[in-house]
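Here is a short briefing on one protein chain.

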Amino acid sequence: MTDDAPQQPPGEGRAGREGSHEDGAEQPAGPSGHKAEQPDEADAAGAADEPGKTGNAEAADEADATDVAGPEGPGPEAAGPEAPRSDAAGATGVAPLSASAVNRDSGIADSNGNGDSSADSPNSPSGNGSSSDKPKGRQKRPKRTGWRRALPTWRMVLGGVLLLALLLVGGFIAGYKMVDIPAANAAAEAESNVYLYEDGSVIARDGEINREKVRLSQVPAHVRHAVLAAEDRDYYSESAVDVKAMLRAGWKTLTGKGKQGGSTITQQYVKNYYLGQEQTLARKSKEFFIAIKLDREESKDDILEGYLNTSYFGRNAYGIQAASQAYYGKDVGKLTTAEGAYLASLLSSPSANDVVANPGNKPEAVSRWNYVVDGMVKKGWLKERERTAMTFPQPGKVKPATALSGQRGYLVQAIRDYLTQYGGIDEKTLATGGHRITTTLDKKKQNALVKAVDDNVMSKTDEDRKADRNVRVGGASIDPRTGAVVAMYGGKDYTQQYVNNATRRDYQVGSTFKPFVLTSAIDNGSSRGGHRITPNTVYDGTNKRMVQGPGGPTGYSPENEDNRSYGPITIRTATDKSVNAVYAQLAQDVGPGKVKQTAIDLGIPKNTPDLTASPSIALGPATASVLDMTQAYATLANHGKHGTYKLVEKVTKNDENVPLAARAGAKQTVSRQSADTTTSVLRSVVDGGTGTAARAAGRPAAGKTGTAEEDKAAWFAGYTPDLATVIAVMGQDPDTGVQKPLYNALGLPRINGGGAPAETWAQYTEAALRGTAVQNFHLDLEPGADESSAPTDEASTPGDTDTPPASRNPSDTPSRDPDSSTPPGTPTTGGTTTPPGDADGGTGTDGGDDGGADTGGDTDGGTSTGGDDGNNGNGNGGGDGGGSEGGFTGGAGPF
């Protein structure tokens, strides 16, 4: 064999194919530009079997199975130009050469010098071309076949697990950073204001959400333990979230097996306070991250407090305090262990476990209650013997959702108005809720007032009587010594009539204003005919008598009740009979401006509508409220000392006191003598005047009746030494709101102050003071108040004054003695009057009950020479009045 025609040794087919190039092609050059150094035969053979081949490696493997030559192996043409290269060539860019090719190209001879290497080829030592003797590299893993090809390898499983772990860790980190603790939702922050009687019992709650927040320290330990036993027994030792429970709940939600909670107390609080109640995966994921953050930022006690204040317990009660009131009518601090356990059992299913609303569910509710108390025993929070003695605590009846029905709404509105006007708390602050407002209202007196109105007015209405549709009632009661409002009646039902009849200022007060005129006359030391005015001063009571001013007739001539004339009459008797002609002239003599100021000093607001300085002020055209009038009469009862009424005792929020505006103390706004002298005259009204129905109270009392123009309102204002109360019956069309006369209401031709108002006053006063010691008036009267005044220059025109007219109401007629005036022109001696309250102001057979009249007086009104002094208020009492602090007004009409 020659070098020109070398023969490929047997077994060299693959190596030759891999290492050969096209005919005449040069070998690739190395990095230096020379031909690459040829590997030895063993390296070349090993490169062909190296595992991890890429690119054409699979083709090379195929060649292993198909291109291995037999004894006559293929010739050089088998290694054509398209033969694939080995991995070694692919890696270095140089095609590997077979040993024979190396020998051929290099011209190196074999050991015999003939250049034939086939005999000594490492791949065929025997020269027979057998491939079994081929040197082996790393063995290739056999391919997976059949069903095994569908199974993941362990490498795939491990990679998947690692990938999932990375995703979970990455998701947790991303979620923790992305989800912040949000602001509380509005519903969780909303809570009602709670209004309380002076003894702490609840009047009402306002707001849509029935919630009253309490501090954790206000919740007894046994109630807290009951909640933990029911909801989360390991709360103080566990983490903020329960992953296992959450996954279980999430799986049931996804598979449609129902929605289930899987939350700790922390998570439930997050749901209640920051999120919502929807059962979705999005909400649960937010709840998860917020709970973890919250657990790091707030203490367990703070979270538990929030949970107790935001959880729903049924019966429209949000929070443990509202629930305690809803189910047991007591504050949470007074709950027993059994009661606390029942409330805790409600948390899982509030409506279903309410044994009153759903008595059929009582077995399940009791079972849940047993679970709670047994859990308390297991945790060491309850002793076994206490558990054994414990019985199921039946809750109270379900109360209808009428938070502001009946009197509640009127009281709440009056309290709000008081706080904004006098308490220094604005409406926006009140609207935030959460205030606990303790009032001065006395529950016993409040109930007594409501009953008295129902018995004497509302129960006498008839749906078939058209006039009864118009009946309205307002009432208020004040303790004169403290100024505290102890009772109020605003109407039959706040949900049906929204206007508070006790505080509205649109009805004339009528003759209940007249006592203020007398007080002003005495307080200002006014005189008439050169004599200081006293209750025994004589005036002309002729019907439609022209009021005389300093310059003559004023043009004002008021009518008396029923156009009745009285002739000469004392102020005391004129008060008993509510004579308009006398009081109009008295107001003129004192000075209308001074009368107005006295009313303000007593407590009438100075901005009261129609509180005008004219002679008509005496008849009460002003439209002060029932509460205003009560305040003014309380000033008279308190001997002329006045302070703004008080309706609120204290306000707290989050167990801390809310500062209220300082309330000015009572001060002497009118002299004691002027107030007490007025009281002595008003006692006569009750004892024998138009207000005799008030005597049923069984207490020493003073008062005055009043009727508004056209009988649109009837009043009685009165007081004992320890209680001042005003009652008004009003007429108003329920559809249009127009004021209506009270004719034929309650089945009577008319309603006046001595009727239903005085009767209501008497029943209330008796009940309110029942069980207390009887208080007597201790009065300091002005000089001459207890005896008839000297004759004045005024004379009256003779008229039909000897016989009192028939009254339309028995209470309008004095019950003690008839009106028997001394014939006109007969001077009186002035004589001594009977004690205040027992007579009409000095009646007697030897002196004339009216004090007589001056002979020769002018028939047109008899203005005396002392009129100017009276008008100008000259006298020694002008400086007795104090400053103004608001007040009340009187009314127009015959009473």
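**An enclosed helix**

Helix H10 (residues 265-273) has 9 of its 9 residues buried, so the helix is largely enclosed by the rest of the structure. Buried means under 20% relative accessible area, exposed over 50%, and partly exposed in between (1.4 Å probe, protein chains only). Helices (H or I, at least four residues) and strands (E, at least two) are DSSP runs, numbered from the N terminus. This is a predicted model: local features need pLDDT of at least 70, side-chain atom pairs count only at pLDDT 80 or more, and totals for chains, interfaces and linings use all residues. Residues are numbered from 1 along each chain as its sequence is written, and side-chain values use heavy atoms, with hydrogens and water left out.

**Whole chain**

- The chain holds 27 helices and 18 strands.
- Of its 895 residues, 52% count as buried.
- The chain exposes about 39800 Å², and carbon and sulfur atoms supply 51% of that area. Accessible areas come from the Shrake-Rupley method with a 1.4 Å probe; for residues, only the protein chains shown count as cover.
- Among contacts with a separation of 6 or more, 75% come from residues 24 or more positions apart. Contact means heavy atoms within 4.5 Å.

**The five-strand sheet**

- An open sheet of 5 strands runs in the order E5-E4-E18-E17-E16, with antiparallel pairing. Two strands pair if DSSP finds at least two bridges between them.
- E5 and strand E16 (702-707) stand at the edges with a single partner strand each, so one side of each lacks a neighbour in the sheet.
- The twist averages 5° from one strand to the next. Axes are lines fitted to C-alpha atoms, for helices over the stretch in contact, and angles run from 0 to 180 degrees between N-to-C directions.
- Strand E17 (residues 713-720) and strand E18 (residues 723-731) run antiparallel, joined by 8 bridges. Phe716 has Ile727 in E18 as its bridge partner.
- Helix H26 (residues 756-768) lies across E4, E5, E17 and E18, at about 30° to E17.

**The E4-E5 hairpin**

- Strand E4 (residues 471-478) pairs with E5 in the antiparallel sense over 4 bridges. Ser477 has Ala487 in E5 as its bridge partner.
- The hairpin has 6 residues between E4 and E5, and Gly483 in the turn has a positive phi of about 80°.
- In strand E5 (residues 485-489), 5 of the 5 residues are buried, so the strand is largely enclosed by the rest of the structure.
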